[in-house]
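Me: I'd like to learn how to read a protein model feature by feature. Could you take me through one?

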Amino acid sequence: MTDHDLDQTLRKGPFDVALHAAIRARGLSLETLRRRLAAQGVAVSLSTLSYWQRGRTRPERSGSLHAVRGLEEILDLPRHSLVTLLRPASERTGPWRTLPELCPEPGIRELLDEIGGHGDRRVTGLSLHDQYTIGPRRSIVETHTRAVYQAQQPGVDRWIVVYHHPHGLLPSARSARGCRFGRVRTDAASGLVAAELLFDRALDRGETYLLEYGFAFDESGAPACEEGRGFHTPQHEYLIEIRFHPSALPARCYRTWRPDAQTRLRDTGDLRLSSYRSAHFIEFGMPAGYHGIRWEWD
């Protein structure tokens with residue numbers, strides 16, 4: 001089995017098929033896996049490992065999930081790749097979402113064509129933290145993102161990001177750390193920005209890369225009432241935080257979700273505003289689609 005075939009199996013599942021394929025691809029015996037797990041302080045019997053890869057039982061308890069994370073490491077698999085397959089399909093995978101599906105603005109395809117990227121399946125997002133700052137006039141004044149990516153194939157050296165301002169404004173400034181901006185394209189009619197983030201080197205397969213980037217905006221837009229991000233594929237970890245100016249505090253905040261841009265946004269839970277004037281949520285192994293926070297001013 002090639003690495004490409006294994007990657008496809010890890011994306012589609014089910015868990016037992018993916019585990020069996022990974023064990024076969026790495027050429028390790030169940031006894032070897034048992035011993036290496038034991039060296040990590042995780043006790044799992046040979047019969048349990050056999051049942052898992054044959055689909056007779058599934059790991060469900062916390063100790064079993066800890067063992068699955070250990071298997072991901074021993075089998076040299078992307079972090080959470082097996083754990084994610086244990087979630088119900090309705091909460092887990094779904095189809096790969098293209099950027100135009102997540103952002104239906106007419107100019108998105110042209111911007112991506114100019115940069116040369118509609119989403120790279122050779123890269124997995126392991127951890128992504130978004131922070132949005134709301135100014136005294138209730139508009140967005142700054143966005144900041146901190147992300148960790150993992151290369152699924154050798155040679156990956158960039159990532160394409162897209163930001164759409166809810167009221168069609170373009171950034172007045174941008175920043176990057178751990179990477180640099182390459183080609184940047186904008187659509188003033190819709191407030192779209194597509195940017196190429198260049199790594200400092202081409203990555204090896206399985207190598208991770210940490211970077212930060214952000215955009216600043218003049219406070220001339222209408223009051224904002226929602227922010228979030230669309231994901232091509234299930235995301236291993238996502239943290240989103242909205243920070244409010246002391247003179248612009250919302251009345252209520254909600255977590256929101258939709259599978260694609262054609263589906264109506266819906267609230268999935270209430271969020272509490274902290275004493276430090278921020279609302280957030282963090283999720284692990286969540287499905288592809290749009291995840292965000294909505295708030296009401298009155």
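Reply: Let's go through helices, salt bridges, a sheet and aromatic rings in turn. A word on the ground rules: this is a predicted model, where local features need pLDDT of at least 70 and side-chain atom pairs count only at pLDDT 80 or more, while totals for chains, interfaces and linings use all residues. Residues are numbered from 1 along each chain as its sequence is written, and side-chain values use heavy atoms, with hydrogens and water left out.

Me: Which residues of helix α4 are buried?

Reply: Two terms to start with. Helices are DSSP runs of H or I with at least four residues, strands are runs of E with at least two, and both are numbered from the N terminus. Buried means under 20% relative accessible area, exposed means over 50%, and partly exposed is in between (1.4 Å probe, protein chains only). In α4, which spans residues 46–54, the buried ones are Leu-49, Ser-50, Trp-52 and Gln-53. Looking down the axis of α4, you'd find these buried residues within an arc of 160°, so they line one face of the helix. That arc is taken from the directions from the helix axis to the C-beta atoms. After α4 comes Gly-55, with a positive phi near 80°.

Me: How do I read a salt bridge?

Reply: The general idea is that side chains of opposite charge can pair when their charged atoms come close. The rule used here asks for a side-chain nitrogen of Lys or Arg within 4 Å of a carboxyl oxygen of Asp or Glu. It gives a count of 15 salt bridges.

Me: Where do Glu-31 and Arg-34 lie?

Reply: Both are in helix α3 (residues 30–39), three residues apart, about one turn of the helix. Here's the background: an α-helix has 3.6 residues a turn, so residues three or four places apart point the same way. Glu-31 and Arg-34 form a salt bridge, with their closest N and O atoms 2.8 Å apart. Glu-31 is partly exposed at 29%, and Arg-34 is partly exposed at 28%.

Me: What does the salt bridge between Glu-296 and Arg-252 tie together?

Reply: The closest N and O atoms of Glu-296 and Arg-252 are 2.6 Å apart. Glu-296 sits in strand β13 (residues 289–296) and Arg-252 in strand β10 (residues 252–258), so the pair ties together parts that are 44 residues apart in sequence. Glu-296 is partly exposed at 23%, and Arg-252 is partly exposed at 36%. Both belong to a network of salt bridges that links Arg-252, Asp-267, Arg-294 and Glu-296.

Me: Which residue does Arg-255 meet in a salt bridge?

Reply: That's Glu-283, at 3.2 Å from N to O. Arg-255 is in β10 and Glu-283 in strand β12 (residues 278–286), so this pair ties together parts that are 28 residues apart in sequence. Arg-255 is buried, with a relative accessible area of 18%.

Me: In what order do the strands of the open sheet come?

Reply: First, the rule: two strands pair if DSSP finds at least two bridges between them. Here four strands form an open sheet, in the order β8-β13-β10-β11, with antiparallel pairing. The edge strands, β8 (226–231) and β11 (266–271), each pair on one side only. Between β10 and β11 there are five bridges, and the bridge partner of Arg-255 in β11 is Gly-269.

Me: And how do I describe two aromatic rings?

Reply: A pair of aromatic rings is described by the distance of the centres and the angle of the planes. Rings of Phe, Tyr and Trp (its six-membered ring) pair if their centres lie within 6.5 Å; planes under 30 degrees apart are stacked, over 60 edge-to-face, and the rest tilted. The count is 10 aromatic pairs. For Phe-181 and Phe-215, the centres are 6.3 Å apart and the planes are at 50°, so the pair is tilted. Phe-181 lies in strand β5 (residues 180–187) and Phe-215 in strand β7 (residues 208–216), 34 residues apart. Phe-181 is buried at 16%, and Phe-215 is buried at 4%. Phe-244 and Trp-297 make an edge-to-face pair, 6.0 Å centre to centre with 90° between the planes, and both are buried.
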